[in-house]
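Hello,

Here is the structure we discussed handing over. My notes on it follow below.

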Amino acid sequence: MARDRHTQDEYTRPVRRVLIGVLVVVLLAVFVVWRIDNPRVERLRSAAIDKILPSFEWALVPATRVTRMVEDFQSYTRIYEQNQELRRELQQMKSWQEAAIQLGQENARLLDLNKVRLNAQLTFVTGVVLTDNGSPFRRSVLLNVGARDGIRDGWATMDGLGLVGRISGVGDQTSRVILLTDSNSRVPVRIQPSGQNALLIGDNTLAPPVDIADNLEDVRPGDRVVTSGDGKVFPADILVGQIAQGPNGRLRVKLAADYGRLEFLRVLRNPEAPAISSSGGLVSPDEIPLSEALTEPVEDAEASDG
């Protein structure tokens with residue numbers, strides 16, 4: 001076996017040397033031919049390329065695919081980096097958008113409080129909402145305006161968007177506002193466009209129910225609710241909210257005022273409103289004294305008997 005291996009080595013080494021020599025000569029010849037600047041040699045090179053390259057397309061396919069994979073991977077990397085950058089910019093834009101919305105809402109409220117007038121007869125006093133440490137009402141706030149500013153019991157208060165409540169208790173420098181959501185609140189309203197009269201009843205929720213005495217079929221969710229002016233406590237046509245249907249099917253009012261951000265309130269001066277001297281007058285002011293209402297029928301009866 002050792003002789004056979006030695007014999008094989010004796011034959012393979014010369015053959016290997018010959019092949020290497022031939023390969024070197026061929027490569028040198030190709031190099032020399034490729035470097036010769038001659039029209040005939042150029043035509044020869046072109047013909048060789050046309051003949052050889054098509055047969056090597058199968059060998060170029062893996063290299064081409066690898067190159068494309070590398071390019072795709074680089075493009076995916078760039079896309080991922082751009083996506084991350086866009087996400088960061090989007091997060092910043094969301095924070096800026098939230099800040100812009102808050103500033104826009106605050107600006108709109110301030111503009112409404114300072115410039116908007118419901119009609120030519122109504123003026124208003126703007127007050128800042130103070131911290132409420134406790135009151136006989138479950139839903140009320142304090143304002144930094146009072147008797148020195150001419151505030152009177154029963155006057156309506158707004159936040160610039162809709163009715164918030166009414167004054168119920170006036171001090172020298174502060175006043176208390178009972179909100180529409182308080183269980184003691186009763187406000188006569190009118191539903192548009194049907195014109196139905198109703199009573200808004202506070203129940204300590206942000207969507208108080210409304211009692212309608214007339215036809216319920218004429219009222220639809222989304223109808224506009226404004227003050228009716230009955231009883232002369234509130235001026236007429238002040239926006240209250242919109243009709244909405246509760247889970248139990250009862251009609252409620254989605255209030256227009258933003259009760260989550262009561263920072264400024266304006267108190268509407270109503271010179272036509274009668275002076276309120278009792279808590280019952282907050283619901284229905286006494287236009288005719290009770291003694292006169294009771295004595296007039298008696299006098300009429302005596303006259304008829306005579």
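First, a term: buried means under 20% relative accessible area, exposed means over 50%, and partly exposed lies in between (1.4 Å probe, protein chains only). This is a predicted model, so local features need pLDDT of at least 70 and side-chain atom pairs count only at pLDDT 80 or more, while totals for chains, interfaces and linings use all residues. Residues are numbered from 1 along each chain as its sequence is written, and side-chain values use heavy atoms, without hydrogens and water.

Overall picture. The protein has four helices and 12 strands. These are DSSP runs, numbered from the N terminus: helices are H or I with at least four residues, strands are E with at least two. Of the 306 residues, 28% are buried.

Salt bridges. The whole structure holds three. The criterion is a side-chain nitrogen of Lys or Arg within 4 Å of a carboxyl oxygen of Asp or Glu.

- Aspartate 211 pairs with arginine 250 at 3.1 Å, N to O. Aspartate 211 sits in strand β8 and arginine 250 in the loop between β10 (239-245) and β11, so the bridge ties together parts 39 residues apart in sequence. Aspartate 211 is partly exposed at 36%, and arginine 250 is partly exposed at 35%.
- Aspartate 203 meets arginine 252 at 2.9 Å, N to O. Aspartate 203 is in the loop between β7 (196-201) and β8 (210-212), and arginine 252 is in strand β11 (residues 251-255), 49 residues apart. Arginine 252 counts as buried because its relative accessibility is 19%. Aspartate 203 is partly exposed at 26%.
- Aspartate 149 bridges to arginine 148, with the closest N and O atoms 3.8 Å apart. Arginine 148 is exposed at 53%.

Core. The largest nonpolar core has 39 residues, and Leu163 and Val240 have the most contacts inside it. Such a core is a set of buried Ala, Val, Leu, Ile, Met, Phe, Trp, Tyr and Cys residues joined through side-chain atoms within 4.5 Å. In soluble globular proteins, nonpolar side chains tend to be buried together. Leaving out residues up to four places away in sequence, valine 240 touches several others, including Leu163, Leu180, Val189 and Leu200. Contact here means heavy atoms within 4.5 Å.

Which side chain does the side chain of serine 140 contact? That of arginine 176, at 3.4 Å. Serine 140 lies in strand β2 (residues 140-143). Serine 140 is buried, at 10% relative accessibility.

Best wishes

Terms used: A polar contact is a pair of N or O atoms within 3.5 Å; within protein, one must be able to donate a hydrogen and the other to accept it, and residues adjacent in sequence count only if both atoms are side-chain atoms.
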